[in-house]
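I opened my notebook on this model to look up its ligand site and its backbone. My notes follow the display.

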Amino acid sequence: MKVAVYPGSFDPITNGHLDILYRALKVFDKIIILVADNKSKNHRFDVNSRVEMIKKATSTLSNVSVDSYDGLTVDYAKKHNATHLIRGLRAVSDYEYEFQLASANNFIDSNIDMVFFMAKEDKTFISSSMIIEMYQNNVDISTLVPSSVIEQLKKMK
Ligand code: COA
């Protein structure tokens, strides 16, 4: 069974992230969405809310699970018998960071490889912070995020 980990902050998850997930499910038998619980980062949503929003958005997908972790992603992947890490690429600006991340991960454990999916053209502008900014300025974001994110945003108002 081919297992992959899809790591990220997911602060919050967007339809851009979900599009990458759906496409990766055509390649891997099981995907673990791993929410980074980086205590030094200032997150908009706490780790439990981020996990909950993703669980609701993926509840119909039996081969997807959601977890959080505050250590190294490659260590988590190894412990859970995953061979690959999934990431999405939206623009050239993502490339530099992803290249650095892939190189660092490869330095830590070269047995875990990274796989990248190019974001679809209509999803390249989506980012978690822009979603929040649009929502705060009354833009309809219902086609950009799953309903679980909108529910959570309403609770915070
Ligand atoms: N669609 C929409 N948005 C996307 C996207 C996509 N396909 N891909 C990235 N983004 C956006 C997010 O919306 C988010 O936007 P924001 O900056 O406005 O908030 C931003 O890109 C960050 O993306 P995300 O994928 O959620 O997480 P990240 O880049 O913060 O994730 C980790 C980085 C968690 C994978 C990485 O830091 C990590 O592995 N950390 C654990 C420790 C570790 O192992 N470090 C590496 C070795 S030292």
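I found Pro12 in the loop between S1 and H1. Helices (H or I, at least four residues) and strands (E, at least two) are DSSP runs, numbered from the N terminus. The model is predicted, so I noted the limits: local features need pLDDT of at least 70, side-chain atom pairs count only at pLDDT 80 or more, and totals for chains, interfaces and linings use all residues. Residues are numbered from 1 along each chain as its sequence is written, and side-chain values use heavy atoms, with hydrogens and water left out.

I checked the peptide bond from Asp11 to Pro12. It is cis, with omega near 5 degrees.

**Backbone: positive phi**

Which loop holds Asn81? I placed Asn81 between helix H3 (73–79) and strand S4 (84–89). Its phi is positive, about 55 degrees, although Asn81 is not a glycine. I then looked up its burial, using these cut-offs: buried is under 20% relative accessible area, exposed is over 50%, and partly exposed is in between (1.4 Å probe, protein chains only). Asn81 counts as exposed because its relative accessibility is 63%.

I turned to Asn138, in the loop between H5 and helix H6 (147–156). Asn138 is not a glycine, yet it has a positive phi of about 60 degrees. At 64% relative accessibility, Asn138 counts as exposed.

Is Ile150 buried or exposed? Ile150 is buried, because its relative accessibility is 17%. I placed Ile150 in helix H6.

His84 lies in strand S4. His84 counts as buried because its relative accessible area is 19%.

**Ligand: the pocket**

Where does the ligand sit? I found the ligand in the largest pocket. On a 1 Å grid over the protein atoms alone, a pocket is an open set of points where a 1.4 Å probe fits, with protein on both sides within 12 Å along at least five of seven lines. A molecule sits in a pocket if more than half of its atoms lie within 2 Å of its grid points.

I listed the elements that give two or more residues to the shell around the ligand: strand S1 (3–8), helix H1 (15–24), helix H4 (92–108) and helix H5 (128–136). H4 gives the most, with four residues.

The shell counts 24 residues, of which Ser9, Arg44, Thr73, Ser128 and Ser129 come nearest.

I looked for polar contacts, meaning pairs of N or O atoms within 3.5 Å. A ligand oxygen is 2.7 Å from an N or O atom in the side chain of Ser128. Another entry pairs a ligand oxygen with an N or O atom in the side chain of His17, at 3.5 Å. A ligand nitrogen is 3.1 Å from a polar backbone atom of Ile126.

Technical notes:
Near = heavy atom within 4 Å. Polar contact = N/O pair within 3.5 Å; in protein donor to acceptor, adjacent residues only side chain to side chain. 1 Å grid on protein atoms, 1.4 Å probe; cavity = no way out; pocket = protein on both sides within 12 Å on 5 of 7 lines; lining within 4 Å.
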